Amino acid sequence: MSLLWQVLLNGVLLGGLYALMALGLALVWGVLNIVNLAHGAFIMLGAYVCYYAFTGLSIDPFAALPLAMLVLFAFGYLLQRYLLNLVIRAPMFNTLLITFGIDVILTYLAQIAFSADFRTINPSYAGDNFALWGATVPLVRLLAFAIALALTLAMWLFLSRTRLGRAIRATAQNLIAARLYGVEPRNTYALTFGLGAALAGVAGGLYGVVSQVNPYIGTSLTAKSFAIAVIGGLDSPLGVIVGGLFLGIVESLTSLYLGPTYADVASFGILVLVLIVRPTGILGRTA
Amino acid sequence: MRSAIAALVAIFVCALIYAGLGYVTNASAAPVTLGASVQLSGPLANTGRYYRDGYQFAVDQINKSGGVKIGNNHEQLALKVLDNQSDNNLAVRQYVQLVSQDKVNLLLGSFASDTVIATSSVAEKYQVPMIQGGGASDQIFDRGYKYIFGTLPVASKYFESTIDAMEKLAPAPRTVALLYADDAFDVSVAKGTRELLGKAGLKIVLDERYSTNASDFASLLARLKSSQPDAVLVAGHETEILNFIRQAKSLNFTPHFYSFTVGVPSADFRKALGADADYAFGMTSWLPSASQKDDYFGNAEEFAQAYVKRFGYEPDYHAASAVADVEAYAKALEAAGTTDPRKVRDAIAHLDFNGLYGHIQFNSVGQISLPQTVIQVQNGKVMPIYGQKGFIDKPEYPMLAWSKR
C-alpha cells in the first residue's frame, strides 16, 4: 500500500514538471499554430543558463529562474520577430522544417559552446526530502511542482484577464477582427513565442536541478511536451496541467506494474488513443 | 524583411557548412591510414570523443617514435576520423566510404556495442580488419566474424570481480537487485551477471530492465526501497546512472552497496555529482599505473600525465583501450611486414604483447581477456579496491545513509 502511495506521489510530482515543460509548447502551438520542434532545445538552453548562473556566479538555481526566463524570452521574441514571422502564413510544414532546423543548430552550437560533458545543477539542498504519511517527498521536486502550478495559473489568468492576453487569444481566434480592433499581430506573435520560450527556460532550470543536462536532452523533451500538449488540449493552460499530471501518473504506475520499459509505450499509446477518441484533448473543447 | 531573409539564409549556410565538416582529421596521404567513424556529436559524443582523442594521441606518439617498421621501411601512420553523429546507420555508411572510397588501410572502431555490432559487418564484408575498443557485448563476437577484434573485457563478466569482492565484504551482501538498460551491451552484462550471482549463491530480489535514456527512476527506486536489497548492480549509461544516484538521494534510498558499469571512472561524471558520487562502486579494465610498461609512452602513468596535458581531462579505460587498438595495429603491421589487410588480420590474431593498457592477446573469437579492477569513489577520488590478488585498498562499506553525510 505504501508502495502505491509513494509511486502515485512520484507520478504527481513528475507530472507537474512535465506540465511546465509542455506549457510553452502548447501556448505557441495554440496561438501561432507552430509546433515548435526546438522547444526541447529551449529547455536545454534554460538549463544551461541556470547551470552557469549557479556554478559561475553562485546564484541559487531557483533565484536564477527569472534570469533564464528573461534570456529565453528575449531569444524567443527575436526569433519569432525576425525569422518565424516570415513564414507564419505559410503551410505548417514550413514552420515545422524551420523549427527542426533551429533545433539542430541550437543542439550543435550548445555542444561547441558547452561541450558534451554531463552536468547537474546541484545545490546543497538538491537531495533533501521529508516524510509524508509513509512516503518520501523530494523537496526540489515539490518546489518544481509548486512553480509549475503557479506558472500555469498565472498563464491562465494572463490569457483570460489582461488586455495583452486577450489580444493574444484574439489573434489566434480571428486575425482580421483582432487587427480591426488595433492588435498588431507581428508584435503579438513575437510576444507569444517569447513567452513560450521563457516557460521552457524555467522548465529547463528545474530539469537541471532534478535531472542532468547535456546538449542532447532536447529531442526527448520535445516529444514528451508534444504528447502532453495533445493529451491535455491546446485551449487552456489548465488542460496542459491535466495532461502533464495524467502522463506522470500513468508512467509511474506502468513502471510499477508492467516494468519501466513500458513507460514510453504507455505515454505514446495514450497519445494515440486521445487522438482517436478525443482529438481536442482531455480538456479541449469539442469542435 | 530583407535582412531577415538574409539571416535565414545565413543560418542554413552555417548548417550546411557544419554538415560538411564531417572530416575531423584529414591527414595527408601517408602509406598506412587507419579509418574510424566515431560519435563526435549526438547523445554518445560524451564518450565518443575519448576514442578520437585516444586514437589521435597514439598515432602521433607512434609517428614521433619513428613510425612503424614494415619490411625494411619506416612508415608513418595516418588517421582519418569521421563523425557519425551517434547515428548507427550513418556509421555503417561511413565505414563503407572509408573502405571503398577513401581506401583506408585498416579500421578502428566506434564507441558502444550497438554501433560496433552494426559496423563490424562492413569490416567482415570487405575483409578489412577492425580493432575496436568501444564494444564489449558478446553479440559482437558470437557471429563467427574473422575481422573484428575487441580490447574491452567481455560484457558478461563485467561484474565478476565485483561479485568476488562482495562475497569478501563483512557483512557480505546476501540479496541483490539487478537493473539494466535495454541495449545490446547492458543486456549482455545482465545475462552474465545473473549467472554469476547464481553461482555465488546470492539472491536476486529485483531484476528489471529499463529503457535506454530513461530519466525518471522514482518508481524503480520506490520498488527498490520496498524490496530492500543489500546490494544494487546497475548496467546502464552515464546519464541514467547520474539520474539514478541523484534520485536515490532525493528519495532517501541507501543500500549497503551499489555498483555501476560506467560512470565511476569518468572525470566529468564525478564532477557532475560532486560529493554525491562518494561510495559508488564501479569497475575499470585499466588504471594508470607505472608498472604497466609501454613501448611508445613509457608507462601508463606517464601516458596519463601526457594525456591530461594535451587534452585537459583525465583518460579513463575508453581512451586507454583506444590507444591499445592503435598499438595493436603497429605491432601487427610490423609482424606482418605488409599492409595487406588479410595478412595483417592474421598477424593481429597472433599478437601477444604488453602495453600501457595491459596484456594484448586475442582469443579465438577476437576478444581479449582483461580482469576488471573494482573501484570506488572515496572523497571525490577513484580508489582501486579489489583486483585479481584480492583487496588493494579498503572499501568504504556499508554505504553511509544520505542523511548522515
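Predicted model: local features only at pLDDT ≥ 70, side-chain atom pairs only at ≥ 80, totals over all residues.
Biologist: What percentage of the residues of chain B count as buried?

Modeller: Of the 405 residues, 55% count as buried. As for contacts in chain B with a separation of 6 or more, 68% join residues 24 or more positions apart.

Biologist: Into which domains is chain B divided?

Modeller: Domain 1 covers 2-153 + 288-360, and domain 2 covers 157-284 + 372-404. The C-alpha centres of these two domains of chain B are 30 Å apart. In the contact between them, domain 1 of chain B supplies 14 residues and domain 2 of chain B supplies twelve. On the domain 1 side, helix 4 (113-126) and helix 5 (138-141) of chain B each give two or more residues. Helix 4 of chain B gives the most to that side, with three residues. By class, the residues on the domain 1 side are six nonpolar, four polar and four charged.

Biologist: How should I read the two faces of a strand?

Modeller: In a regular strand, side chains alternate between the two faces of the sheet. Take strand 2 (residues 32-38) of chain B: seven of its seven residues are buried, so the strand is largely enclosed by the rest of the structure. One side carries B:Val32, B:Leu34, B:Ala36 and B:Val38, the other B:Thr33, B:Gly35 and B:Ser37, and all are buried.

Biologist: Which strands pair with strand 2 of chain B?

Modeller: Strand 5 (residues 77-83) of chain B pairs with strand 2 of chain B in the parallel sense, over seven bridges. Within that pairing, B:Ser37 has B:Leu82 as its bridge partner. Strand 6 (residues 106-108) of chain B is also parallel to strand 2 of chain B, with two bridges. Here B:Leu106 of strand 6 stands opposite B:Leu34.

Biologist: And how is the size of an interface given?

Modeller: Often as the accessible area lost when the parts come together. Here I can give residue counts: 44 residues from chain B and 38 residues from chain A take part in the contact. Elements of chain B giving two or more residues to its side include helix 1 (2-20), helix 2 (45-64) and strand 10 (203-210). The chain B side has 20 nonpolar, 13 polar and eleven charged residues.

Methods:
Residues numbered from 1 in each chain as written. Chains lettered and ligands numbered in written order. Contact = placed C-beta atoms within 7 Å. Helix = DSSP H or I, 4+ residues; strand = E, 2+ residues; numbered from the N terminus. Nonpolar A, V, L, I, M, F, W, Y, C, P; charged D, E, K, R; others polar. Buried ≥ 20, exposed ≤ 12 C-beta atoms within 10 Å, placed from the backbone. Pairing = 2+ DSSP bridges. Domains from an automatic or database assignment.
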